[in-house]
Amino acid sequence: ALYFWDMLLNPEHQNAVPEVSIGLLARAYSCYALAYFELHKRAYEGNPVEVDPVIPADVFFLPTHHVPDHALANKLLYMAADYADAAVCNSLVSPVVLQIASWIIRIGERDGLDPRKSNEYGRFVQLWRAEEDRTKEWRKVQQKMAAKVARARNAYVCAAQGCRIEGSKKKSLMRCAGKCPAERKPHYCSKECQKKVSTCPASCI
């Protein structure tokens, strides 16, 4: 697959594809990012790939040994970030692009570093901007969801004592069929939890 994607991205490839559209180019960058991200994890774990004898392993930096190679893993992660950034520059923010950005940030947090400000990874401006925008969107969704649950907590949390299962939607849990008012009607994650409640909950009173 790397060989064929290289035909799209590398104008010096012997079988280079001429006049590649922006959309196809962006998807190729994203696929390349995914491939190198997976190869990064394989190199880190010492999980080699089966190499096509026609394609030299050193051309695509493939992990070929059953021994963890952290130097190669770091190189492959950098390449994944490079292609992810290129995908964003071509207007494609795919799930793997965000996954790679988050992965690098978590590694940095583990090591007490901020890769977004490092000399090595700091140049991926578009990648970090996309990750920041997505994080802001996610926080807004979480805040909106928290406010919704707070307004009608009984509709999102199983009423069985000690269960603590929550639903992201009102339809996620089963609603009590009793005569209690709708705004106080308890919900349950399963029939088993409903059976655990021997008396009408306080929310029904």
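**Salt bridges and exposure**

Modeller: Gladly. Keep in mind that this is a predicted model. Asp 114 and Arg 116 form a salt bridge, with N and O 2.9 Å apart.

Colleague: Why is the contact between Asp 114 and Arg 116 called a salt bridge?

Modeller: The cut-off is 4 Å between a side-chain nitrogen of Lys or Arg and a carboxyl oxygen of Asp or Glu. Asp 114 and Arg 116 are at 2.9 Å, so the pair qualifies.

Colleague: What makes Asp 114 buried, partly exposed or exposed?

Modeller: Its relative accessibility is 27%.

Colleague: How do you know which class Arg 110 belongs to?

Modeller: Exposed means over 50%. Arg 110 has 58%, so Arg 110 is exposed. Its salt-bridge partner is Asp 111, with the closest N and O atoms 3.0 Å apart. Asp 111 has 44%, so Asp 111 counts as partly exposed.

Colleague: What makes Glu 132 and Lys 136 a salt bridge?

Modeller: Their N to O distance is 3.6 Å. That is within 4 Å, so the pair counts.

Colleague: Where do Glu 132 and Lys 136 lie?

Modeller: Both are in helix α6, residues 125-151. They are four residues apart, about one turn of the helix. Glu 132 is partly exposed at 42%, and Lys 136 is partly exposed at 44%.

Colleague: How many salt bridges does the structure hold?

Modeller: Five.

Key:
Residues numbered from 1 in each chain as written. Predicted model: local features only at pLDDT ≥ 70, side-chain atom pairs only at ≥ 80, totals over all residues. Heavy atoms only, no water. Buried < 20%, exposed > 50% of the residue type's maximum accessible area, 1.4 Å probe, protein only. Helix = DSSP H or I, 4+ residues; strand = E, 2+ residues; numbered from the N terminus.
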